Amino acid sequence: MAAADEKESQLDLSKSVNVWMIRVPNYLAERWDAVSAAGADVEIGTLRIFKKADGSKRPKIELRVSESLQAAGDHALPPVLEVQTTDDTPKGLNVISETKSGKYCVANEGEIALRGTCTCKDTALYSKLKKKKETQPRTLLPEVDRVVLAPTDIKTGRKEVYIAERMASEELRHKLFELFQAHEFYKLDDLKEQTGQPKTALQDILREIAEYETTGPNKHRYHLKSEFKTW
C-alpha cells in the first residue's frame with residue numbers, strides 16, 4: 001500500500017513548456033476569484049503581443065479583460081492593461097500544480113520564462129478604483145501596552161545586534177510589493193525594520209519601483225510608481 005501511495009504522489013515531469021508569470025492588480029484578481037468561487041468558468045482575458053518596435057528591447061504586450069469578467073461585477077474594470085515585463089527572471093523557477101480529486105497528483109507545468117506586471121492605462125478609471133479601495137474598511141492593528149526594545153547589556157550598555165540574512169533582489173522586490181499593498185507610504189527606516197535588510201539594498205530596489213516624496217504631507221516617504229500600483 002505504501003509503495004502504491006508513493007507512486008501516486010510522484011512528480012510528473014512529462015510537461016516541458018515555457019510559462020509566463022504575470023502579476024495582475026488586486027481588483028482584477030478579486031473579481032476573478034469571486035467568479036471562480038461561484039462555480040463559473042470564466043477566463044480573465046487574452047494577451048495581445050505586438051511586433052517589436054525598432055530599437056525596443058521587448059515587444060509591447062496588452063491584457064484585454066474578457067467581457068464575461070467585466071459583466072460579473074458591480075463596477076467597471078479597465079478593458080485593457082499594459083503588461084510590463086522584466087529581464088531579470090531567475091532561472092529554475094517552475095509552476096507546480098496539485099490535484100486531489102481522485103488520484104493525488106503533483107505535476108510540473110513548466111518553467112517560468114518571463115515575468116511581468118499589469119498596469120492600468122486608464123488613469124481616470126484607475127483613480128476611481130483606488131478611491132473605492134480607500135473607502136473600504138481596513139484591518140486595524142491591535143493596541144499594545146508596552147514597547148519591546150532590542151535586548152541591552154546592562155553592564156556595557158551595548159545592544160545585541162541581529163544580522164538578517166541578505167535577501168536576493170527578486171525576493172526583496174516581492175517583499176516590498178507586499179508591504180506597499182498594505183500601506184501606500186513608507187519611510188526608509190520603516191522598510192528597513194519591516195524587511196530586516198540594509199538601506200543600500202532597499203534603495204537599489206526602490207529606485208526601480210518607487211518614488212521619493214520631497215514635499216507635502218508625505219515628505220521623506222516612498223510610494224510605488226504608478227506603473228507598479230495594482231489597486
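In which strand does Leu11 lie? Leu11 belongs to strand β1 (residues 11–12), strands being DSSP runs of E with at least two residues, numbered from the N terminus.

This is a predicted model, in which local features need pLDDT of at least 70, side-chain atom pairs count only at pLDDT 80 or more, and totals for chains, interfaces and linings use all residues. Residues are numbered from 1 along each chain as its sequence is written, and side-chain values use heavy atoms, without hydrogens and water.

**View A. A nonpolar surface patch that includes Leu11.** Leu11, Leu13 and Ile96 together make a patch of about 290 Å². Leu11 has 42% relative accessibility, so it counts as partly exposed (buried is under 20% relative accessible area, exposed over 50%, partly exposed in between; 1.4 Å probe, protein chains only).

View B. Tyr27, Leu28, Arg31 and Val35 are buried here. They share one side of α2, because their arc around the axis is only 100 degrees. Look to the other side of α2 for the exposed Glu30, Asp33 and Ala37. After the helix comes Gly39, with a positive phi near 90 degrees.

**View C. Helix α7 (residues 199–209) and its packing partners.** The buried residues of α7 are Ala201, Leu202, Ile205, Leu206 and Ile209. Their arc covers only 125 degrees around the axis, which puts them on the same side of α7. Thr200 and Arg207, on the other side, are exposed. The buried residues pack against α5 (169–182), α6 (188–195), β8 (210–212) and β9 (222–224), contact meaning heavy atoms within 4.5 Å.

Methods: Helices (H or I, at least four residues) and strands (E, at least two) are DSSP runs, numbered from the N terminus. The arc is that of the directions from the helix axis to the C-beta atoms. Patches are made of residues with over 30% relative accessible area and no salt bridge: like charges are joined within 9 Å, nonpolar side chains (Val, Leu, Ile, Met, Phe, Trp, Tyr) within 5 Å. Accessible areas come from the Shrake-Rupley method with a 1.4 Å probe; for residues, only the protein chains shown count as cover. A salt bridge is a side-chain nitrogen of Lys or Arg within 4 Å of a carboxyl oxygen of Asp or Glu.
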